[in-house]
Amino acid sequence: MQLHSTQLLVGNDLQACMRALTSGTADTKLHVVDRIELSFDLGLCILPEPPMHMPKVTLDGSLPSLQVFFSDRKYKAVMSTIDLIVEGLNEDEPDLTGQFETGSPHVQPTAFGAGGIFSRISETPVDSEDPALALQADSDDAKSVASSVDEFFETTEAIAGGEAAATLRRKKNREGRRKAGKEPERPLVRVTFSVDNLVGFIWRTHDDGRDDLHIADLAVTGLAVEVVNRPFDLFANVTIHQITIEDHLMLGGVPGSPHVYALTSDIAQADLDGDTDKNLVVVKYHRCQGDHPEFTTTYESIGQTVDVDISYLDLMVVRRTILTCYDFILKTFTDEAKKNERVQLSNADDAQSEQGDKMVDSLLQQALDTIRVDVKFKGTDFSLCHDDGMPVALLSVTAAAVRVTVTEEVVVEAKVGNIMLVDQLDTVPATMGSLGGHRQTHDEIDPNRLLLYVKGDELADFRYQTFDPRSAGFPGYNSALKLRVGAAHLAFVERPILELMLFGSRFFAMHGLFEAARQAAAYGTSQLTEEMIGSGQKVHFDIVMSAPVIT
């Protein structure tokens, strides 16, 4: 299956949309999806006993290039259209069941009943006015049944030997296929889909007639999805080679100005060096059945595992960009009217909501009986800059790892390698940087510019574990929390500290977000405390924090 030159447009004028469809270039104000070439290949294996590496069904999809022109106006238009379609599908349809009830005058004769050619003879009315006809019908019925029985036994005796041999042969073939299909390593279905290049242009529209504001360009390369289903398990892998976000706000979108990348990674430098095998994001999901021959050995009795590897990221934090994106998200994805409507509906249906929550919790508990999630983060550099691109400081976090294991007990482990805060005042402006630039290591940083660092290999080592009171190794408390924090060294230098305070104060517009997060954290903590006190659970705390050093 192939789709050629597929486009999606949103506009108020049909003629303008038709002209944009036939034009050779994309119209940023009308196009949502530019011309794409999408192809799917379906393969079916016809061999009765295929080789071990050959799946029975394969589905390969490919999308060489995808360009998306996204704006708040287009998003709301598409969502409103979808809402109208859904509402039309959910409208009450007329009740047609009465037309097919027995004895209804609207019942039409068919081939299988009501006098059709395949109707049973027993459907002849027994209350016929002519008794002779009724007796004749019964007699014909009996003769028909006897005739059919005689013919059935006569045919069976004629081919009994051949049919028995064929049945035995089919049984052997089924057993052979069943045995071959139950080999743990044999793939049954393989589905792959890849997108070579995905580019998203993000615009913000104005209600006062001003030109649309070009916020950023998002580029994703090497997106690939692979799903393999085997007799006892399932694999799903997602890889993203590279993600870059180009900021169009810092320099005002002036043509010919240098590129400013709000998000890059070390993959860009690896590509420049010729090392194209690295990927920015790698997600691996595996689900295993309990009857797998290697369930208790290779897979450690874990039904589901998720492994996420994220390479090094470079993120530029600019006040104007962050606040514009924050306002764009609020304007695009929130609707106060619908929010108030949802609140009213939730107040009216508290009982049903509570029952639904319990059902969802039960299903989640069944799905998450045994699961392990591993997230490995190579690190992130946060470049704090003013609106004009002048750098303020560099915040670097390296080697973070998180593991969550859910069985009869819950174990959460997290480690953060190191953290550094480096003064970058009076250095090269961030606008002069380039994609795939050189990253300074710890040894290359001027020690006199270090404002914060941790002495040692790890900043923090966190572990939280719950215990099953029914287990033989129950320690006497329901949960345990262990925390190790390294010694933080803070150099108090007046000018950099004042610049950082000024930089943070300019995010006052996000005060509502921070306040909501604070209230949610406080509410969650109070609820957890009340539950622990009310249920009589015991918690063991083991916290060791090295004393900070301030100079």
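**Starting point: Asp266**

Asp266 counts as buried, because its relative accessibility is 12%, and buried means under 20%. Keep in mind as you explore that this is a predicted model. Asp266 is found in helix α5, which covers residues 266-272.

**Around Asp266**

- The side chain of Asp266 makes a polar contact of 3.2 Å with the side chain of Lys378.
- Asp266 and Lys278 are twelve residues apart along the chain, and their C-alpha atoms are separated by 9.4 Å.

**The chain as a whole**

- The protein chain has ten helices and 17 strands.
- Of its 551 residues, 28% count as buried.
- Among contacts in the protein chain with a separation of 6 or more, 68% are between residues 24 or more positions apart.

- Which residues of helix α1 (residues 14-22) are buried? They are Ala16, Cys17 and Ala20.
- Looking down the axis of α1, you would find these buried residues within an arc of 100°, so they line one face of the helix.
- An α-helix has 3.6 residues a turn, so residues three or four places apart point the same way.
- On the face of α1 turned away from the buried side sit the exposed residues Leu14, Arg19 and Thr22.
- The cover over the buried residues of α1 includes strands β1 and β2.
- At the start of α1, Asp13 has a side-chain oxygen that comes to within 3.2 Å of the backbone nitrogen of Gln15.

- Strand β1 (residues 2-9) and strand β2 (residues 31-44) run antiparallel and are joined by five bridges.
- To spot this pairing, find Gln2, whose bridge partner in β2 is Ser39.
- β2 is also joined to strand β3 (residues 57-71), again antiparallel, by seven bridges.
- For this second pairing, look for Phe40, whose bridge partner in β3 is Gly61.

- Strand β8 (residues 281-288) pairs with strand β9 (residues 304-310) in the antiparallel sense, over seven bridges.
- In this pair, Tyr285 stands opposite Val306 of β9.
- In what sense, parallel or antiparallel, do β9 and strand β11 (residues 371-385) pair? Their seven bridges are in the parallel sense.
- Val306 takes part here as well, with Val373 as its bridge partner in β11.

**The largest nonpolar core**

- The largest nonpolar core has 13 residues, and those with the most contacts inside it are Leu384, Val392, Ala393, Leu500 and Phe507.
- Three elements, α6 (319-333), β12 (391-406) and α9 (494-505), each supply at least two residues of this core.
- Not counting residues up to four places away in sequence, Val392 touches Leu384, Cys385, His386, Val422, Asp423, Gln424, Leu425, Glu499 and Leu500.

**A closer look at α6**

- Thr321, Leu323, Thr324, Tyr326, Phe328 and Thr332 are the buried residues of α6.

Conventions
Residues are numbered from 1 along each chain as its sequence is written. This is a predicted model: local features need pLDDT of at least 70, side-chain atom pairs count only at pLDDT 80 or more; totals for chains, interfaces and linings use all residues. Side-chain values use heavy atoms; hydrogens and water are left out. Two strands pair if DSSP finds at least two bridges between them. Helices (H or I, at least four residues) and strands (E, at least two) are DSSP runs, numbered from the N terminus. A nonpolar core is a set of buried Ala, Val, Leu, Ile, Met, Phe, Trp, Tyr and Cys residues joined through side-chain atoms within 4.5 Å. Buried means under 20% relative accessible area, exposed over 50%, partly exposed in between (1.4 Å probe, protein chains only). Contact means heavy atoms within 4.5 Å. The arc is that of the directions from the helix axis to the C-beta atoms. A polar contact is a pair of N or O atoms within 3.5 Å; within protein, one must be able to donate a hydrogen and the other to accept it, and residues adjacent in sequence count only if both atoms are side-chain atoms.
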